[in-house]
Amino acid sequence: MPLILMCGYPCSGKTRRANELKEYFTQNTERKVHIVGDEDQDIDKNSVYADSQKEKNLRGALRAEVERKVSKDDIVILDSLNYIKGYRYELFCLIKHTQTPHCLVYCLTSTDVSSEWNKGREADSQYTQEILDALVLRFEAPDSRNRWDSPLFTIQQEDLLPFEAICDALFKRKAPPPNQSTQSQPLSSTNFLYELDKVTQDVLMAVLESQKTSVPGDLVSIPGATEKIELTRSLNMVELRKLRRQFISYTKMHPTENIGQIANMFVQYLNKSMH
């Protein structure tokens, strides 16, 4: 059944709102409600959010737990930062794959309010100011124009949760239909589409930069790839963007479980395209 995605700055009231939602659904429906969140993972938040690999592992663990608990009868609430647009898109692909509705509850606070609430926590539950500031800077706010961020309920500090509207969004709205892209999506790979977009863009920029000092016939090293680009001719930005779009479309349909191989795959694709 439905997935409710909490979203917001650290210490913005997400857990409080998640518990309010659980209480409401428990009292007003016969469905089981599961809250999946950082607290269940027994982590040191400051250590995890200071290390990109640890954070990626956390997102993977949360996503796997959501996938395990999503069923035709239960409501799942994901209580985490969910601040990366690409990760929210991946969760949207999951609910399309399982054909269940979802919605996003965005707890909107200012940086100052979040910082004050953080200071009011028990010492072992606080974020360091450095980590909190970094997460605020990295935060990608949801946008209801994006289908993966819709329906979107933006809740400020003093607001009451719109329980009836959330119920309507979850129980009276059809689940997004699956399509070939989501059915082929490697759901066990955390943030696959986000990584695909980022890695291919990095390779593209590296190729453009290398052409400034290289000549046809040179072998060019690409950060993150063991394969090298064989520059048989010059490639302009328009051609590179076209090749990148083609590669991304192909990879969505023929996904790899090994995200670390995306750079090598794109380099191989570029080499073949230049001949």
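Before anything else, I wrote down my exposure scale: a residue is buried under 20% relative accessible area, exposed over 50%, and partly exposed in between. I also reminded myself that this is a predicted model.

**Entry 1: helix α9**

I began with D202, which comes out at 42% relative accessibility and therefore counts as partly exposed. K198 has 40% and is likewise partly exposed. I then checked whether the two side chains meet, and D202 does form a salt bridge with K198, with the closest N and O atoms 3.3 Å apart. The two residues are 4 positions apart in helix α9, so about one helical turn separates them. While on the topic of charged groups, I noted a network in which salt bridges with shared partners join R16, R17 and E20.

How many salt bridges does a search of the whole structure find? I got 18.

Next I looked at R138 and E55, which form a salt bridge with the closest N and O atoms 3.3 Å apart. E55 is buried at 6% relative accessibility, whereas R138 is partly exposed at 35%.

Then I followed helix α3 to K56. The side chains of K56 and E195 meet in a salt bridge at 3.4 Å, N to O. E195 belongs to helix α9 (residues 192–210) and K56 to helix α3, so this pair ties together parts that are 139 residues apart in sequence. Is E195 buried or exposed? With 10% relative accessibility, E195 counts as buried. K56 has 22% and is partly exposed.

**Entry 2: cysteines**

I searched for disulfides and the count came to 0. For C7, the nearest cysteine sulfur is that of C107, 8.4 Å away, and C7 is in no disulfide. The cut-off that settles this is 2.5 Å between the sulfur atoms. C7 is buried, with a relative accessible area of 0%. C93 is in no disulfide either; its nearest cysteine sulfur, that of C7, is 17 Å away. I found C93 buried as well, at 2% relative accessibility.

**Entry 3: the whole protein**

I finished by stepping back. The secondary structure comes to 11 helices and 7 strands, and the C-alpha trace spans about 70 × 40 × 30 Å along its principal axes. Of the 275 residues, 47% are buried. The accessible surface is about 14100 Å², and carbon and sulfur atoms hold 47% of that area.

What share of the contacts with a separation of 6 or more comes from residues 24 or more positions apart? The share is 76%. Last, I looked at the charges: there are 35 positive and 38 negative ones, and their mean positions are 7 Å apart.

Note on methods
Residues are numbered from 1 along each chain as its sequence is written. This is a predicted model: local features need pLDDT of at least 70, side-chain atom pairs count only at pLDDT 80 or more; totals for chains, interfaces and linings use all residues. Side-chain values use heavy atoms; hydrogens and water are left out. Buried means under 20% relative accessible area, exposed over 50%, partly exposed in between (1.4 Å probe, protein chains only). Contact means heavy atoms within 4.5 Å. Accessible areas come from the Shrake-Rupley method with a 1.4 Å probe; for residues, only the protein chains shown count as cover. Lys and Arg count as positive and Asp and Glu as negative; His and the chain ends are not counted. The place of a charge is taken as NZ of Lys, CZ of Arg, CG of Asp or CD of Glu. A salt bridge is a side-chain nitrogen of Lys or Arg within 4 Å of a carboxyl oxygen of Asp or Glu.
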